[in-house]
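Colleague: I would like to go through this structure with you. Could you put it on the screen?

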Amino acid sequence: MEKRGLKKVLKCVAVCLVTAVAFGALPVAAALTAAYDDSVTVVVDAGHGGADGGVTGKDTGVKESELNLIMAKLVGEFLESGGYDVVYTRKGSGGLYRATDSNKKSADMQRRGEIIREADAAAVISMHMNTFHQRSRRGAQVFFDKSSEQGRALAEAVQRELNAGFNLPDAGREFAPLAADKYILRQSAAPAVIVECGFLSNPSDEAHLLDADYRARLAYAIFLAVDGFLSEGA
Ligand SMILES: [Zn+2]
């Protein structure tokens, strides 16, 4: 079998095993054995951290930075189980700045940019939580860089999964991915998206995002979309 064909078969096996893990049918270790070695790197960014907690849950006070980290690790674990190399911008609760930095937010963002540029990744996924003054606004929303067609395509793939699995069944509406002008989306030529997982200003979204099973399902949907997008070009 030619290498390209074999790679596709191994990829299908890996994704099936990840699916089995997601639904509790297999331990993670079994899926890891299916990882193929011609690896592709994905950067997973947990937004905010340290002194910058991001937005706050209206009902519980949960910090966006904490939920972002949990979601980033979940998405990253699914990607690793599917055979990808994952580069995390942060794996702890702290921000990416030094105590001596006078402008911690700026230092934090610059360090994230360095990590993304050094990773030579095929895709960049930045995890965030949303907020809005109208508490009825809810749902998962994906953003891409306004000048990146590949970013738009990746955003459409992720938004499609989130609409089908969450926005339509939970809120009865779809979102279209939105163009944005954000530093984190412009750090490499790789397609990059910001995933706003839900609104911490909405009681239902906040309750869902505090539920471990819901977060796992959400992370798995993001993984499926990213994997499908990257596999198309394989
Ligand atoms: Zn944020």
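Predicted model: local features only at pLDDT ≥ 70, side-chain atom pairs only at ≥ 80, totals over all residues.

Colleague: Understood. How many helices and strands does the protein chain have?

Modeller: There are seven helices and six strands in the protein chain. Read from the N terminus, the elements come in the order α-α-β-α-β-α-β-β-α-β-β-α-α.

Colleague: And what share of the residues is buried?

Modeller: Of the 234 residues in the protein chain, 48% are buried. As for contacts in the protein chain with a separation of 6 or more, 76% of them involve residues 24 or more positions apart.

Colleague: Let us turn to the metal. Which protein atoms are the donors of the zinc ion?

Modeller: The zinc ion has H48 through NE2, E64 through OE and H128 through ND1 as its protein donors, and they lie 2.1 Å from it. Along the chain, these donors follow the spacing H-x15-E-x63-H. E64 belongs to helix α3, residues 64-81, and H128 to strand β3, residues 123-130, so this pair ties together parts that are 64 residues apart in sequence.

Colleague: Are those two buried or exposed?

Modeller: E64 counts as buried because its relative accessibility is 2%, under the 20% limit. H128 is also counted as buried, at 14% relative accessibility.

Colleague: Where is D120 found, then? Is it buried or exposed?

Modeller: The loop between α4 (104-119) and β3 holds D120. D120 is exposed, since its relative accessible area is 67%, over the 50% limit.

Colleague: Back to α3. At what angle does it pack with α7?

Modeller: The angle between α3 and helix α7, residues 212-232, is about 50 degrees, and their axes are 9 Å apart. That angle makes α3 oblique to α7. The crossing of the two helices is right-handed.

Colleague: Which residues meet there?

Modeller: From α3 the residues are L67, I70, M71, L74, V75, F78 and L79, and from α7 they are R215, A216, L218, A219, Y220, I222, F223 and V226. Sorted by class, this contact has 14 nonpolar residues, no polar residues and one charged residue.

Colleague: One last topic. In which strand does F199 lie, and what does F199 touch?

Modeller: F199 lies in strand β6, residues 192-199. Leaving aside residues up to four places away in sequence, F199 touches N130, T131, F132, R137, R138, G139, F175, D205 and E206. F199 is buried, given its relative accessibility of 4%.

Colleague: How far apart are the C-alpha atoms of F199 and H128?

Modeller: They are separated by 9.7 Å, although F199 and H128 are 71 residues apart along the chain.

Terms used: Residues numbered from 1 in each chain as written. Heavy atoms only, no water. Donors = N, O, S within 2.8 Å, 3.2 Å for Na, K, Ca; no water. Helix = DSSP H or I, 4+ residues; strand = E, 2+ residues; numbered from the N terminus. Buried < 20%, exposed > 50% of the residue type's maximum accessible area, 1.4 Å probe, protein only. Axes fitted to C-alpha atoms, helices over the stretch in contact; angles between N-to-C directions. Parallel < 35°, antiparallel > 145°, perpendicular 65-115°, else oblique. Left-handed = near helix turned anticlockwise from the far one by under 90°. Contact = heavy atoms within 4.5 Å. Nonpolar A, V, L, I, M, F, W, Y, C, P; charged D, E, K, R; others polar.
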